[in-house]
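Have the model open and try each task before reading on.

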Amino acid sequence: MTYDLCDYNAVNSLLKKYGFTFSKALGQNFLVDDSVCPAMAEALKADADTGVIEIGPGIGVLTKELCRVAGKVVAIELDKRLYPVLDETLGEYNNFELVKGDAMKLDIAELISEKLSDCDTVKVCANLPYYITSPIIMTLLESEAPIDEIIVMVQKEAADRLCAEMGTRNAGAVTAAVSYYGSAEILFEVGRESFMPSPKVDSAVIKITVSKNNRYNINDKKSFFTLVKAAFSQRRKTFVNAVSSSAGISKAELSAALDRLNIEQSVRAEKLTMEDFAALANELFSRKS
């Protein structure tokens with residue numbers, strides 16, 4: 001039987017058949033808007049040589065669109081209750097493979113090597129559970145796996161933070177992390193009515209283009225992230241006060257570094273650009289080594 005996965009009645013019938021109920025713990029909200037998934041798939045600009053990783057395929061509504069545009073789709077699903085559902089909804093696609101497990105615990109680089117080695121490019125496309133958005137994105141980026149692009153649906157508030165410009169109010173530690181690994185932009189917004197069940201907030205689809213080089217000439221990645229996390233750990237404090245209390249660097253050292261770089265002593269983390277953080281990290285930690 002073929003199901004229209006964007007039709008409430010059809011989806012209810014499918015889920016009832018397998019005795020499936022939504023799990024709040026897993027943040028399950030299935031897309032049922034027939035315009036969103038095609039738009040996400042088209043944004044990938046995929047072709048027969050493109051491999052796509054999807055995280056949390058649900059019942060397969062986005063997966064179908066990905067299979068239509070890409071050479072191969074590998075979907076990672078944690079919820080065992082959805083395995084027989086996906087067998088039925090995606091059984092017709094010979095370019096689809098289900099990986100049963102937790103994306104947070106899988107070796108993404110190894111997965112790509114095993115499943116998508118024949119693909120010229122690898123991209124990620126997913127409707128991410130809100131509660132695990134940042135950890136999933138950071139897992140993908142920090143893996144330094146051969147991923148060219150990440151297009152994901154996230155909570156609107158998270159999208160604003162992930163795609164913020166460093167040096168602005170919305171910026172945070174995760175903004176700096178995304179900026180380190182690539183560049184992010186919001187593609188389009190998605191209303192809460194596009195999901196089943198409807199969440200209490202709106203969403204947005206974002207694209208992260210992964211950079212292949214060290215754009216900011218950061219000498220030591222670990223030191224850079226230590227500084228960023230310390231600076232944003234107490235946003236209301238000045239950079240000097242936040243970092244001195246969180247990273248164990250004296251106020252005198254921090255003040256001297258700001259002076260050498262012609263940055264105001266009263267500056268807060270949200271006012272610092274990526275170039276500022278890179279210069280400060282290089283200045284502070286290079287002198288220590």
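**Exercise 1. Find what the buried residues of H5 pack against, and decide how those residues are arranged around the helix.**

Step 1. The buried residues of H5 pack against strand E2 (50-55), strand E3 (72-77), strand E4 (96-100), strand E5 (121-127) and helix H6 (133-142). Contact means heavy atoms within 4.5 Å. Helices (H or I, at least four residues) and strands (E, at least two) are DSSP runs, numbered from the N terminus.

Step 2. A word on the source: this is a predicted model, in which local features need pLDDT of at least 70 and side-chain atom pairs count only at pLDDT 80 or more, while totals for chains, interfaces and linings use all residues. Residues are numbered from 1 along each chain as its sequence is written, and side-chain values use heavy atoms, with hydrogens and water left out.

Step 3. Helix H5 spans residues 108-115, and its buried residues are Ile 108, Leu 111 and Ile 112. Here buried means under 20% relative accessible area, exposed over 50%, and partly exposed in between (1.4 Å probe, protein chains only).

Step 4. Down the axis of H5 these residues fall within an arc of 100°, so they line one face of the helix. The arc is that of the directions from the helix axis to the C-beta atoms. As background, an α-helix has 3.6 residues a turn, so residues three or four places apart point the same way.

**Exercise 2. Determine how many residues of H3 are buried, and list them.**

Step 1. Helix H3 covers residues 61-69 and is mostly covered, with 8 of its 9 residues buried.

Step 2. The buried residues in H3 are Val 61, Leu 62, Thr 63, Lys 64, Glu 65, Leu 66, Cys 67 and Val 69.

**Exercise 3. Classify the ring pairs Tyr 181 with Phe 225 and Phe 239 with Phe 277.**

Step 1. Rings of Phe, Tyr and Trp (its six-membered ring) pair if their centres lie within 6.5 Å; planes under 30 degrees apart count as stacked, over 60 as edge-to-face and the rest as tilted. Searching the whole structure gives 10 aromatic pairs.

Step 2. Tyr 181 and Phe 225 have ring centres 6.2 Å apart and planes at 20°, so this pair is stacked. It links distant parts of the chain: Tyr 181 lies in helix H8 (residues 173-181) and Phe 225 in helix H9 (residues 221-232), 44 residues apart. Both Tyr 181 and Phe 225 are buried.

Step 3. Phe 239 and Phe 277 are edge-to-face, at 6.5 Å centre to centre with 65° between the planes. Phe 239 is in helix H10 (residues 239-246) and Phe 277 in helix H12 (residues 274-288), 38 residues apart. Phe 239 is buried, with a relative accessible area of 0%, and Phe 277 also counts as buried at 0%.

Step 4. Ring pairs also link Tyr 180, Tyr 181, Phe 224 and Phe 225 into a cluster.

**Exercise 4. Describe how H10 packs against H9 and against H11.**

Step 1. Axes are lines fitted to C-alpha atoms, for helices over the stretch in contact, and angles run from 0 to 180 degrees between N-to-C directions. Angles under 35 degrees count as roughly parallel, over 145 as roughly antiparallel, 65 to 115 as roughly perpendicular and the rest as oblique.

Step 2. H9 and H10 pack at about 115°, with their axes 7 Å apart. That makes H9 roughly perpendicular to H10. Leu 227, Ala 230 and Ala 231 of H9 meet Phe 239, Ala 242, Val 243 and Ser 246 of H10.

Step 3. H10 and H11 pack at about 140°, with their axes 9 Å apart; they are therefore oblique to each other. H10 contributes Phe 239, Val 240, Asn 241, Val 243 and Ser 244 to this contact, and H11 contributes Lys 251, Leu 254, Ser 255 and Leu 258.

Step 4. Now look at H11 (residues 251-260), whose buried residues are Leu 254, Ala 257 and Leu 258. Their arc of only 100° around the axis puts them on the same side of H11.
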